[in-house]
Amino acid sequence: MDTSPVTALLDIIDDGRWDDLPSVLAPQCVIERPGAEPLVGLARIERFYRHERPVAAGRHTVERLLADAEAAACWGTFSGTDRYGRAVAARFADTYLLEGGRISRRTTYLHGPAH
């Protein structure tokens, strides 16, 4: 069984277990998402997931995870629904910095059409 903080975070997000975020995120964690201001600190991150996230439900499928004690990267697919019940699907890649076994920074990249 994989107990990586990366897969644990994605499971927490997919299951909506917001009270479990501190188990995998460092107190001053920063989450960077395409086209949005960074989310800084546990309180801000939790508020985003509980009240602001445009995705209502979904599941991350990790195709590959590479990690050591200080950093990780993964990529895969996400599929779910938005707050209006519309289907959403995307390919993603995430990079992570780790401190003391918890995530201190997550940067998400989404695959979209080339311009």
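Guide: H2, strand S3 (55–67), S5 and S6 each supply at least two residues of the lining of the largest pocket; helices (H or I, at least four residues) and strands (E, at least two) are DSSP runs numbered from the N terminus. This is a predicted model, in which local features need pLDDT of at least 70 and side-chain atom pairs count only at pLDDT 80 or more, while totals for chains, interfaces and linings use all residues. Residues are numbered from 1 along each chain as its sequence is written, and side-chain values use heavy atoms, leaving out hydrogens and water.

S5 gives the largest share of that lining, 5 residues. In total 19 residues line the pocket, and Arg33, Arg53, Val55, Thr108 and Leu110 lie nearest its centre. A pocket here is an open set of points on a 1 Å grid over the protein atoms alone, where a 1.4 Å probe fits, with protein on both sides within 12 Å along at least five of seven lines; lining residues have an atom within 4 Å of a point. The space inside is about 430 Å³, counted as that filled by probe spheres set on points joined across faces, edges and corners.

Thr108 leads us on to Arg106, as a polar contact of 3.4 Å joins their side chains. Such a contact is a pair of N or O atoms within 3.5 Å; within protein, one must be able to donate a hydrogen and the other to accept it, and residues adjacent in sequence count only if both atoms are side-chain atoms. Arg106 sits in strand S6 (residues 102–110), and its side chain also makes a polar contact of 2.9 Å with that of Asp94. Arg106 counts as buried because its relative accessible area is 5%, where buried means under 20%, exposed over 50% and partly exposed in between (1.4 Å probe, protein chains only).

Beyond four places in sequence, the contacts of Arg106 (heavy atoms within 4.5 Å) include Leu9, Tyr49 and Tyr96.
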